Structures are given as C-alpha cells and as structure tokens.
Amino acid sequence: MQSRPITTLYPIPDEVRDSEKLRVLFSFGHQQMMTEAMKPMALSIWRTVFPFGKERAESESRVLLPAGGRLFIDPTEVLYIKPVRRIMPRLLMGIDEGIARGVMEVIQRERFQQEARPRKDLRKQVGQRVKPIAVNVIKNLMCRDTSGAVEKCHRIMEEWVARSEEQLAGVTGAARIRLIRQNAGSLMMKLFTQMLPYPLSGVIAYKGIQDFTRRWLGENGDVHRLNRSLSGNVTSEMGLALGDLADQARKFPEVTEYLKMARNGTFYEGLSQVRGGEEFRIYLERFMDRYGMRCPGEIDISRTRWRESPPSTGRRHPGTHSKCGTGSPSTQL
C-alpha cells in the first residue's frame, strides 16, 4: 500500500483517452532533443503552426497533442495506409531509432492491422499534400540546378516576413491576434510545399549513396565522412562561433571571472568596467547579432533567449539536451 499518487504512469492526451482503437503516439520534443515540459503558450503555438489535422489555418492541430506538458504526434490514421506504413518507420529512423522501432512494433501488431481501415477521403488528402513535394524532390534529384537553393529559401522567408509585417501594420487588439494566428497557422504548410523538397532531396541522395556504396564496395564502404564539417550547416557554425567567443574571453582573466558572476540588469555596464571588457564586447555583440535569438531547448518559445540574458550564453539548462552542442564545457562562457 502507498499513500502517494502513482508517478510512473504517463498521462494520456484527452483526445485519445476515450478511443476504442489502438493509437500510435510519439514524442515531438524528442526529435529536437527537447525532453523537458513546455509552457502552455509554447504548446498552443506549436499546435497552431503544425499544418496537419486542422479545420482552419488558425485552429490547433488534432494530430499534435499535449500531455504532461509535452507534445506528441498522432499519425495513427495515416498509418492505416499501407504505403505510409512502409515509408514512415524508415523516415523516423533518420530522426530517432528508438521512435522508429517503437512505431514499427505497434503497427505490426495484429490488432492494429485489423483496425487499419483508412477513411475514404484520407488517401486523396494525403496524395494532395505529398504529390507536389514528391514531384519537386524528383526534379531536384534528376534535372534541376539546385546550386541557388539556399538563396531561394532565404528569399522566400524574407518575403513571408515582409508580407506579414505589411499585413500587421495598423492592426491592433483582437484583430491583430487573429491575424497572427492565421499567419502562423498557414506558415508551416508553405514551408512544407516550397522548402521541404530541398532538404528532403539531400536526405534521399545521401541514403542513395549509402545503399550504392554498400552494394558496390561492401560493408566497409564508409560514406559518413561526406557528412562531416559541411559548409552551410548553421548549427555547426554556431557551435564553432560560440567556441571562438569562449576563446576570446579566455584572453582576459578578469572577463572570464566577471562572466561567472554577471547579472542581466547590469551586464554590459559591469563588462565595460573590467580589463578587456570593451574588446570582448565587440565579439559578443557580433555573436548576438547572428545567434542571439537561440537558446537551449529553444523549441519552447517561452525560453529566455541569449540576447535577453547574455550571462546564460552557452550554458545548458539542467536536464536539457541541446542538438547544437552548446552545453559542452569547452564552449561555455
């Protein structure tokens, strides 16, 4: 007997608790190495941005579900389609092997196979979403010159930002909130259709190189070296820039000591009073201009950004894993 609540059972999302069918759920946050709970605002924003399972652009997704302060993707209905059951575990393997194996185990159960009866309109809906992406991926792989893809993606994003700013100009109150929700709710679908084909083409090409290497050269063919230190990898470049910033701080012992005790409200004033502070500030502001919007666990929009809290730059929150590697002792400020 125990008097305290059972803490080993994870809460089931309200939307699937009453379902009589077997459901497949996997963690959205774990794909981004974010295992901590998120604030309600962050949960709501992600459910609004997520492009699937919504009646209107500004509504919250019924496929991205909250439970225990975390988000879970429910792909059950699309997994009722046989081709999706073959493809999705392979795609998930490139994100997280544990998630992929878990999904594979569930969809192979006899009960799931018996319940796998897709809605009549579901195949059409999936086809309408997937077809333009697949066509663009094939064109990228077979005949397009993709050397200007990065510039094109940057131009698309800049156009989206400019258009949103123009729409919001002069709009206030509840109307402004509604417009923000509409823009956020339609953003991810534009991202999927216009920009996803570029990184997806790269993933497929890399997998193809792996398969052909094994076939032609045997198991000893190591193609992983091709994926190391690639130029244009923003995450890797940020980690290197943070390391360079730490190197600059080490040149000035008083600066490194100050960074250990600095406070937000007086950070820059105090920095200017220590030897080497003004010189280090040049490098710090240069870093902030480029990466100040980042932080550990940054998929939670409520998290304090480095620009908002300079003393926290490079530090990892307890229990938070960062894909960026910013928690490494060698790069902490």
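Reader: Does Arg-123 count as buried, partly exposed or exposed, and why?

Author: Buried means under 20% relative accessible area, exposed over 50%, and partly exposed in between (1.4 Å probe, protein chains only). Arg-123 counts as partly exposed because its relative accessibility is 48%. The model is predicted: local features need pLDDT of at least 70 and side-chain atom pairs pLDDT 80 or more, whereas totals for chains, interfaces and linings use all residues. Residues are numbered from 1 along each chain as its sequence is written, and side-chain values use heavy atoms, without hydrogens and water.

Reader: Where is Arg-123 found?

Author: Helices are DSSP runs (H or I, at least four residues), as are strands (E, at least two), numbered from the N terminus. Arg-123 lies in helix H7, residues 122-142. The protein chain has 14 helices and 3 strands.

Reader: Which residues form the positive surface patch?

Author: A patch takes residues with over 30% relative accessible area and no salt bridge, like charges being joined within 9 Å. A salt bridge is a side-chain nitrogen of Lys or Arg within 4 Å of a carboxyl oxygen of Asp or Glu. Here the positive patch consists of Lys-21, Lys-82, Arg-86, Arg-90, Arg-117 and Arg-123. Helix H4 (residues 82-93) gives the most to this patch, with 3 residues.

Reader: How many positive and negative side chains does the protein chain have?

Author: Lys and Arg count as positive, Asp and Glu as negative; His and the chain ends are not counted. The protein chain has 53 positive and 38 negative side chains. The centres of these two sets lie 6 Å apart.

How values were computed. Patch = residues over 30% accessible without salt bridge, like charges linked within 9 Å, V, L, I, M, F, W, Y side chains within 5 Å. Areas by Shrake-Rupley, 256 points an atom, 1.4 Å probe, with all protein chains shown as cover. Charge placed at Lys NZ, Arg CZ, Asp CG, Glu CD.
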